[in-house]
Amino acid sequence: MLKSIRSEQATLGMYVHSFSGGWLSHPLWRSRLLISSEQELTRIRSSNCEIIIDTAKGRDAPPPQSIRAPVSPAPMRASGRFGRADKVRATELAQRSKTIVDAMFADCRLGKGVPTTEILAVVDDIASSLNNMAAFISVTRLKAQDDQTYTHSVAVCALMINLARELGYTTDAARDLGMAGLLHDIGKSTIPPDILLKAGPLNEAETIEMRRHPVQGHSILSATTGVPAVALDVCQHHHERLDGSGYPFGLKGEAISIATRMASICDAYDAMTSIRPHAAGKSPLEAVTEMESADGQFDRALLFRFMGSIGVYPAGKLVRILGDRLAVTLPHKGQGMDPVFRTFYSTVETRFLQHCDVILTDCLAEGTTVIAEDPGSWFSESWPTMAARIMAGERPVRPT
Ligand SMILES: [Fe+2]
């Protein structure tokens with residue numbers, strides 16, 4: 001049986017099934033281990049996180065000394081919505097950023113290289129608009145035909161910074177990733193305008209031409225000083241896919257860096273949700289749902305954290321919130337509305353609970369990670385059936 005405990009409660013002989021936040025947050029550790037040495041025990045205890053142990057494969061934890069009070073529904077989060085003033089500020093910043101990126105593309109067409117100082121200032125401007133990030137990401141969805149590449153670069157920069165913060169990266173690392181987002185399509189400055197700005201689908205020859213842009217971009221950035229290594233990596237590889245279906249090299253799995261996986265998610269998401277003169281674009285929920293079903297293309301753990309960074313989750317997913325509560329995501333109620341999770345199971349008490357609907361508040365978003373859980377690790381019942389019952393308000397039948 002799986003059980004959630006604090007890392008300080010770990011003892012020798014316990015079998016660790018997973019860590020809070022997933023293995024992504026603990027890259028030095030191998031997945032799933034039997035704690036068999038004092039050294040491993042010390043590292044785990046000092047991690048100050050929650051861990052899931054499997055009591056069928058190792059020692060059990062003593063019963064909890066106290067039972068937590070039931071969780072009350074939290075108030076509606078304010079920052080998921082934004083007002084007119086936020087939108088005006090975001091639009092001004094997006095316009096200013098887009099103009100500088102436009103000039104950067106023009107410079108590159110003339111062979112002048114990338115003006116890194118100006119570009120860094122744009123990244124810092126976007127990063128400092130953190131409190132207005134939802135509004136900023138929203139206004140950059142609107143793209144005119146002529147400047148869609150520039151607005152897209154600005155949008156991917158914002159999405160990368162947002163995701164980097166969700167993942168707990170340092171300010172400097174988030175800044176480098178933002179720069180990588182801003183520069184990822186710089187190779188498109190070498191693509192003829194009639195192909196770059198074509199409204200309809202590209203033919204085969206045009207597609208081949210367009211697909212040169214990652215390598216061309218890498219060449220431009222290689223000749224520029226002050227560009228972080230991660231931006232070179234992201235520029236060259238952001239169209240690679242985990243299953244090897246991407247380009248230009250058809251890289252697979254581990255050959256693709258975490259930064260590039262992040263960029264490919266942000267890039268695809270903005271492309272899918274962009275609202276253009278003759279195309280409505282998908283909603284954020286439609287986009288993440290489609291990306292999740294594009295089996296094997298995107299890093300699923302990162303995609304889930306990306307959903308957290310934009311506050312959009314498909315309905316019916318099993319998640320862990322508030323440390324020890326398993327919950328199902330409820331159907332999204334519309335743009336600007338916060339995700340709602342229905343808690344139904346305690347991983348500490350290993351029992352089903354009265355349902356409680358929790359709204360993703362500012363407090364929850366900043367202080368608690370929403371973790372994707374594998375239903376098969378917790379329940380033997382078919383998860384779609386179980387999730388449907390919980391969403392309909394019925395209590396699950398039994399734990400396993
Ligand atoms: Fe691209």
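This presentation covers an iron site and a pair of packed helices.

The model is predicted, so to speak of local features requires pLDDT of at least 70, side-chain atom pairs count only at pLDDT 80 or more, and totals for chains, interfaces and linings use all residues. Residues are numbered from 1 along each chain as its sequence is written, and side-chain values use heavy atoms, without hydrogens or water.

I begin with the metal. Asp185 (OD), His213 (NE2), His238 (NE2) and His239 (NE2) coordinate the iron ion at 2.1 to 2.3 Å. Donors here are N, O and S atoms within 2.8 Å of the metal (3.2 Å for Na, K and Ca); water is not among the atoms, so sites may look incomplete. The donor residues follow the spacing D-x27-H-x24-H-H. Asp185 sits in the loop between helix H6 (171-183) and helix H7 (193-196), and His239 in the loop between helix H10 (229-237) and helix H11 (258-273), so this pair ties together parts 54 residues apart in sequence. Helices are DSSP runs of H or I, at least four residues, numbered from the N terminus.

Are these two residues buried or exposed? Asp185 is buried, at 1% relative accessible area, and His239 is also buried, at 16%. Buried means under 20% relative accessible area (1.4 Å probe, protein chains only).

I turn now to the helices. H10 and H11 pack at about 55°, their axes 9 Å apart; axes are lines fitted to C-alpha atoms over the stretch in contact, with angles from 0 to 180 degrees between N-to-C directions. Val230, Asp233, Val234 and His237 of H10 meet Ala259, Thr260 and Ala263 of H11, where contact means heavy atoms within 4.5 Å.

Technical notes
Helices (H or I, at least four residues) and strands (E, at least two) are DSSP runs, numbered from the N terminus. Buried means under 20% relative accessible area, exposed over 50%, partly exposed in between (1.4 Å probe, protein chains only).
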